[in-house]
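Please keep the sequence and the structure in view while reading.

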Amino acid sequence: MTETTTPGRRVGAEVTVSMDGYSGTGPQDDMSWAMAHIASEQSEIYYEGIWRGVGTALLGRTNWEGFTSVWPGITSDPASSARTRDLGNWLASVEKVVFSTTLEQADLDKAEWTNARVARDAVAEVKNLKAQPGRGILVLNSASIIRTLLAADLIDDLYLTMLPATLGTGTRVLPDGHASNWRLTSATTFPVSGAVSLHYQRP
């Protein structure tokens, strides 16, 4: 993502989907079908090119609870790669906005991660963030937030990674009844996992 120091920050959304368009298998968001790709060295290099330009990360409750339960251990594990530890340290310290109707600030403050706050209204919050100076804004694989921001035309960059698997059911990323046009900026293939990552921008 392009760094900027003037108002008008770009909003990106990064998400992994199956061939039939699902980003997870349901409320528990089981990602076991995608972990071989996500944990691969090729994937680490690709994702590093995205998150290093980001100053604010956006998450939903499910991802917040899942990430904070596993990432501190991954980050401190000597067996983790240098890129993985870098990502873990970035996740722990970057500004994070967690969208939830049930979590309170006290819930976030219990986690090892710092610099996180709760917000309720994704559209209002992102409009406010875009108007501030700073680096890029990135939604981290949270389908409900991506759908909401797509419907409000607030996403500038869509990083869509498709894995060679079908789930049959689950959570879809693209909102129903929403028409939009995009421009393909780049395509990256991952020979080991068979995944394809497509970077789209609004024209």
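How are α3 and α4 oriented to each other? They pack at an angle of about 135°, with their axes 8 Å apart, and are therefore oblique to each other, given that angles under 35 degrees count as roughly parallel, over 145 as roughly antiparallel, 65 to 115 as roughly perpendicular and the rest as oblique.

## Basis of the model

This is a predicted model, in which local features need pLDDT of at least 70 and side-chain atom pairs count only at pLDDT 80 or more, while totals for chains, interfaces and linings use all residues. Residues are numbered from 1 along each chain as its sequence is written, and side-chain values use heavy atoms, with hydrogens and water left out.

The protein averages a pLDDT (the predictor's confidence in each residue, from 0 to 100) of 91, and 94% of the residues score at least 70. Over residues 1–7 pLDDT stays under 50, and the model has 24 contacts for them beyond four places in sequence, a contact being heavy atoms within 4.5 Å.

## The sheet

Eight strands form an open sheet with mixed pairing, in the order β5-β4-β3-β6-β1-β7-β10-β9. Its edge strands, each pairing on one side only, are β5 (116–119) and β9 (183–190). On average, and with direction ignored, neighbouring strands of this sheet are turned by 20° against each other. Strands (E, at least two residues) and helices (H or I, at least four residues) are DSSP runs, numbered from the N terminus, and two strands pair if DSSP finds at least two bridges between them.

Strand β7 (residues 157–162) is joined by six bridges to β10 (residues 195–201), and these two run antiparallel; Thr161 stands opposite Ser197 in β10, and Met162 stands opposite Val196 in β10. Six bridges also join β1 to β7, but this pair runs parallel, with Val15 opposite Leu160 in β7.

## Helices on the sheet

Helix α6 (residues 122–130) lies across β1 (11–17), β3, β4, β5 and β6, and runs at about 160° to β4. Axes are lines fitted to C-alpha atoms, for helices over the stretch in contact, and angles run from 0 to 180 degrees between N-to-C directions.

## Helix against helix

The axes of α2 (residues 41–51) and α4 (residues 82–93) come within 10 Å and cross at roughly 30°, which makes α2 roughly parallel to α4. In this contact Glu44, Ile45, Glu48 and Trp51 of α2 meet Arg83, Thr84, Asp86, Leu87 and Trp90 of α4. By class, the contact has four nonpolar, one polar and four charged residues, where Ala, Val, Leu, Ile, Met, Phe, Trp, Tyr, Cys and Pro count as nonpolar, Asp, Glu, Lys and Arg as charged, and the others, Gly among them, as polar.

For the oblique pair α3 and α4, the contact is made by Trp71, Ile74 and Thr75 of α3 together with Thr84, Arg85, Leu87, Gly88, Asn89 and Leu91 of α4. The residues of this contact divide into four nonpolar, four polar and one charged.
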